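Here are a few exercises to work through with the model open beside you. Take each task on its own first, then compare your steps with the solution.

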Amino acid sequence: MRIHHLNCISTCPLGGRLMDGRSDGILERGSLTCHCLLVETADSLVLVDTGMGLRDVADPRGRLSGFFLMLVSPDFREEMTAVRQIERMGFDPRDVRHILLTHLDFDHAGGLDDFPHATVHMMGAERDYAEQQKTWLDRQRFRPQQWNTRGQWRTYPGGTGGPWMGFDCVRDLEGLPPELLMVPLPGHTHGHAGVALRHAAGWHLLAGDAYFHEHEMDLRNPSCTPGLRFYQWMMEKDRDARLGNQERLRELLRGHRDEVTVFCSHDVAEFERLAGRPAGVPATP
């Protein structure tokens, strides 16, 4: 398999340096990525998360909540949507036959409509809870306006696929090669999962929103910016599970650093290190 790293529309949260640890000050907006993966398999393309899509760019107020538009002010650029980057790379978006979702938050699932024929894989707990729309914050983060492909969704129970480096995982994803796994990492949402991919250089694990800042994976002194620490607290569904899974990810790195590369969805430094280009630049052929 061949892996391409895509930033599918950055968000620009209030707080600047307090959020990303990189901006010059705290009165400007910061910058976070939406780190997605395009995977070339033997017979198709697989997308891991979609970021925000064309319809979000065209009609943000009709698709997204005013609360999050104010809070994170997405950098709506059509050329940064997954579908446009895939076209720019010379691929046919119709060859994206599978999408693996870490979770259904608006900034991860907004591009589903751009791939109407793709089978969408996620944890069953994620679909079930998101559809309930229980709380005010749930209704801001989980946006049914983005879910027009629900007939293409395939869901999986947790804890049924066997072990992977100390984690339970979901194997045998329908229509996908065995080198692709879903790794349940609940906490941020009830059905949140990472996606593990095996290729020639070893394993990659996109941990989604299990953590937000690269220093949270420091083995000796894990830390996070105060703004992102607050944001994670605000968004979490199960604090004990979220913090427990962060520690489990650090244990994974302690024992398997030479075998697996772990990265999250929103850290700019991680994205630029793996993609080899600035986060604001779309992928090229």
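A salt bridge here is a side-chain nitrogen of Lys or Arg within 4 Å of a carboxyl oxygen of Asp or Glu. Keep in mind that this is a predicted model. With that rule, a search of the whole structure gives 20 salt bridges.

**Exercise 1. A bridge across the sequence**

Task: Find which parts of the chain are linked by the salt bridge between E272 and R22.

Solution. Start with the distance: the N to O separation between the side chains of E272 and R22 is 3.6 Å, and the cut-off is 4 Å. E272 sits in helix α11 (residues 268-275), while R22 belongs to the loop between α1 (17-20) and β2. The two are 250 residues apart, so the pair links distant parts of the chain. E272 comes out at 26% and R22 at 45%, so both count as partly exposed.

**Exercise 2. A bridge inside a network**

Task: Decide whether D113 and R55 are buried or partly exposed, and place their salt bridge in its network.

Solution. The side chains of D113 and R55 meet at 3.4 Å, N to O. D113 lies in the loop between α6 (106-109) and β5 (119-123) and R55 in helix α2 (residues 54-58), so their bridge ties together parts 58 residues apart in sequence. Now use the accessibilities. D113 is buried because its relative accessible area is 10% and the limit for buried is under 20%. R55, at 45%, counts as partly exposed. To finish, widen the view: R55, D56, R63 and D113 are linked in a network of salt bridges.

**Exercise 3. A third bridge**

Solution. The closest N and O atoms of E174 and R154 are 3.6 Å apart, and the two form a salt bridge. E174 is partly exposed at 44%, and R154 is partly exposed at 27%.

**Exercise 4. The nonpolar core around V262**

Task: Describe the largest nonpolar core and list the contacts of V262.

Solution. First, the size: the largest nonpolar core has 37 residues, and W164, L205, L249 and V262 have the most contacts inside it. Second, the sources: elements giving two or more residues to this core include β10 (193-199), β11 (202-206), α10 (239-256) and β12 (260-263). Third, the neighbours: leaving aside residues within four places in sequence, V262 is in contact with L205, A207, Y211, L249, L252, L253 and E270. Apart from this core lies another of 27 residues, among them C34, C36, V96 and A283.

**Exercise 5. The cavity**

Task: Give the volume and lining of the largest cavity.

Solution. The count is 1 cavity of 30 Å³ or more. The largest cavity holds about 110 Å³ of space. Its lining has 14 residues, of which T11, L32, V72, D107 and Y231 lie nearest its centre. α6 and α9 (226-235) each supply at least two residues of that lining.

Terms used
Residues are numbered from 1 along each chain as its sequence is written. This is a predicted model: local features need pLDDT of at least 70, side-chain atom pairs count only at pLDDT 80 or more; totals for chains, interfaces and linings use all residues. Side-chain values use heavy atoms; hydrogens and water are left out. A nonpolar core is a set of buried Ala, Val, Leu, Ile, Met, Phe, Trp, Tyr and Cys residues joined through side-chain atoms within 4.5 Å. Buried means under 20% relative accessible area, exposed over 50%, partly exposed in between (1.4 Å probe, protein chains only). Helices (H or I, at least four residues) and strands (E, at least two) are DSSP runs, numbered from the N terminus. Contact means heavy atoms within 4.5 Å. On a 1 Å grid over the protein atoms alone, a cavity is a set of points where a 1.4 Å probe fits but cannot get out, and a pocket is an open set with protein on both sides within 12 Å along at least five of seven lines; lining residues have an atom within 4 Å of a point. Grid points are joined across faces, edges and corners, and a volume is the space filled by probe spheres set on the points.
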